[in-house]
Amino acid sequence: MTVIVEPTGIAPGAVAAVARADAQVAISEAAIAAMQASRAIVDDIERAGRPVYGVSTGFGALANTFIAPERRSELQHALIRSHAAGIGAPMPREVVRAMMLLRVRSLALGHSGVRPLVAQALVDLLNHDITPWVPEHGSLGASGDLAPLAHCALVLMGEGWVLGKDGARVSAEDALHAAGLTGISLSSKEGLALINGTDGMLAMLLLACDDLGHLCTMADVTAALSIEAMLGTDRPFHPSIHEIRPHPGQGASAANMYKLLQQSSIMDSHRDDHEHAVQDAYSMRCAPQVAGAARDTLEFARTVAARELVSLADNPVVLPDGRVESTGNFHGAPLGFAADFLAIAAAEIGSISERRVDRLLDMTRSRDLPPFLSPDAGVNSGLMIAQYTAAGIVAENRRLASPASVDTIPTSGMQEDHVSMGWAAAKKLRVVLDNLTSLLAVELLAAVRGLQLRAPLTPSPAGRIAIEQLTPVIGTPGPDVFMAPILEQVRTVVSGPDLLDAIKTQVGPLA
């Protein structure tokens, strides 16, 4: 697959393809023409000697400092070196690849005043699998992701560090030489155009949307399996219940769960049993309301990301009529708000999941399942400590769900006196989603164990598939075993496509 960058932007799927599936990248002829046209305007400004921010002046608090023509290339190189001031562990390869592609996308819109060779140099890094070493700390999400993007730009110049295949830090000069590439020299405006953008936080938001879309469906599956194992009812998930409260996400989650709970002899065994509770606990009955609200939040975040994908977040911008205007489009507030909102939503999916695990393990509430899902409780502790682990992760997610975007620290001599913290919001969102994967893994393990213990009753088709796929990993109910490697393998099942694909093949499409 090759992703073609046009002057109209790129699709969200293209970002995931390049970041995660190593798709190749090419720049269209139309995008090259758009960049050439904007560069001609910058060249005209240079010849006219007009003072323009970032072209003939310094940056930030030094915006009123005039730079002589013979030093303007030096200015751009100095900008990149000084702004590549991040610190900490390197960002994951997929984030950096997405960030570079998004910077190419921004330059290709034809409003940044750069030569096409600058965008092509980024494409060459992607296509030769050269990933700049981008430290995790450095961006305030205000004038864009300045430090992270500067670490990428530094590699274009043949300087700085690259993330080696083994995770080690490699000299950029050596990596370029090995790939048959050489560093480029920057001209006026080009250094600024390489770093003034929201590409880092947008990259993380797009990848998070991709991940959470999968996890929302998986959360419906684990909830349905838990409810089936606890002899719950499917009545609250009937479509007629959700037509009278028409939140789209709620309706989608309820429809998933209702479909997943059909054709189950476990459900049929108690459908008319009046000894059961008239209504299930909130963690069971309200699962679609919580997961559905998260789905609607995800749609909001996708809308924000889609707008940003066709936006120019550079500063200054080169307009077709020849004007070069200073803007505030690099401010990350829209992305920071969306990332924080997603973290809240994802934390709640995990929180209600843990509550169902707790019910499955408690013999006073699990409707005749053995304590901690151990057939020989006492000598054996079953899944007791797996629930402890889940509880600790829920607590961490609650801390991480505290918004980063309400914070600000002024910088650059009070020129940048309100920052978005969008990078921090997106970075902690990734942790929340990783934690959610673990929480759903604990629930999937507990739900399948509960269904195994309901034998000889047979579960729903979804339940049978889950048992078939997980039994080789988790075994059958019996004495305690080393749990950590089992949880790691179940995490892989949750994050991967195989279980969901098999269930969809059997029961039909899931939202």
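A residue is called buried under 20% relative accessible area, exposed over 50% and partly exposed in between, using a 1.4 Å probe and protein chains only. By that rule, 56% of the 511 residues in the chain are buried. This is a predicted model, in which local features need pLDDT of at least 70 and side-chain atom pairs count only at pLDDT 80 or more, while totals for chains, interfaces and linings use all residues. Residues are numbered from 1 along each chain as its sequence is written, and side-chain values use heavy atoms, with hydrogens and water left out.

**Overall build**

- The chain has 20 helices and eight strands. These are DSSP runs numbered from the N terminus: helices are H or I with at least four residues, strands are E with at least two.
- The C-alpha trace spans about 85 × 50 × 40 Å along its principal axes.
- L260 sits in helix α11 (residues 248-260). L260 counts as buried because its relative accessibility is 3%.
- In sequence, L260 and K504 are 244 residues apart; in space, their C-alpha atoms are 9.5 Å apart.

**Cavities**

- Rolling a probe the size of a water molecule over the atoms shows where empty space is left.
- A cavity here is a set of points, on a 1 Å grid over the protein atoms alone, where a 1.4 Å probe fits but cannot get out; lining residues have an atom within 4 Å of a point. Grid points are joined across faces, edges and corners, and the volume is the space filled by probe spheres set on the points.
- Two cavities of 30 Å³ or more are found.
- The largest cavity holds about 40 Å³ of space. Its lining consists of A219, D220, A223, A287, A291, I349, I352 and R356.
- Helices α9 (199-229), α14 (287-309) and α15 (333-361) each give at least two residues to that lining.
- Lining residues are classed as nonpolar (Ala, Val, Leu, Ile, Met, Phe, Trp, Tyr, Cys and Pro), charged (Asp, Glu, Lys and Arg) or polar (the others, Gly among them). The largest cavity is lined by six nonpolar, no polar and two charged residues.
- The second largest cavity has about 30 Å³. M99, M100, R103, L122, L149, C152, A153 and L194 line the second largest cavity.
- Two or more residues of this second lining come from each of α4 (93-108) and α6 (146-156). By class, the lining of the second largest cavity has seven nonpolar, no polar and one charged residues.

**Salt bridges**

- Side chains of opposite charge can pair when their charged atoms come close.
- A salt bridge is a side-chain nitrogen of Lys or Arg within 4 Å of a carboxyl oxygen of Asp or Glu. The structure holds 33 of these salt bridges.
- E190 and R39 form a salt bridge at 3.9 Å, N to O. The pair links distant parts of the chain, with E190 in helix α8 (residues 190-195) and R39 in helix α2 (residues 29-48), 151 residues apart. Both E190 and R39 are buried.
- E354 and R355 form a salt bridge, with the closest N and O atoms 2.8 Å apart. E354 is buried at 6% relative accessible area, whereas R355 is partly exposed at 37%.
- D358 pairs with R365 in a salt bridge, the closest N and O atoms being 2.5 Å apart. D358 is buried at 16%, and R365 is partly exposed at 26%.
- Salt bridges also link R20, E94, D210, D211 and R430 in a network.

**Backbone geometry**

- Most residues other than glycine have a negative phi, and most peptide bonds are trans.
- The N315 to P316 peptide bond is cis, with omega near -5°. P316 lies in the loop between α14 and β7 (317-318).
- A455 and P456 are also joined by a cis peptide bond, with omega about 15°. P456 falls in the loop between α17 (422-453) and α18 (461-474).
- S412 is not a glycine, yet has a positive phi of about 55°. S412 lies in the loop between α16 (384-400) and α17, and is partly exposed at 28% relative accessible area.
- M414 has a positive phi near 70°. M414 is in the loop between α16 and α17, and is exposed at 54% relative accessible area.

Note on methods. On a 1 Å grid over the protein atoms alone, a cavity is a set of points where a 1.4 Å probe fits but cannot get out, and a pocket is an open set with protein on both sides within 12 Å along at least five of seven lines; lining residues have an atom within 4 Å of a point.
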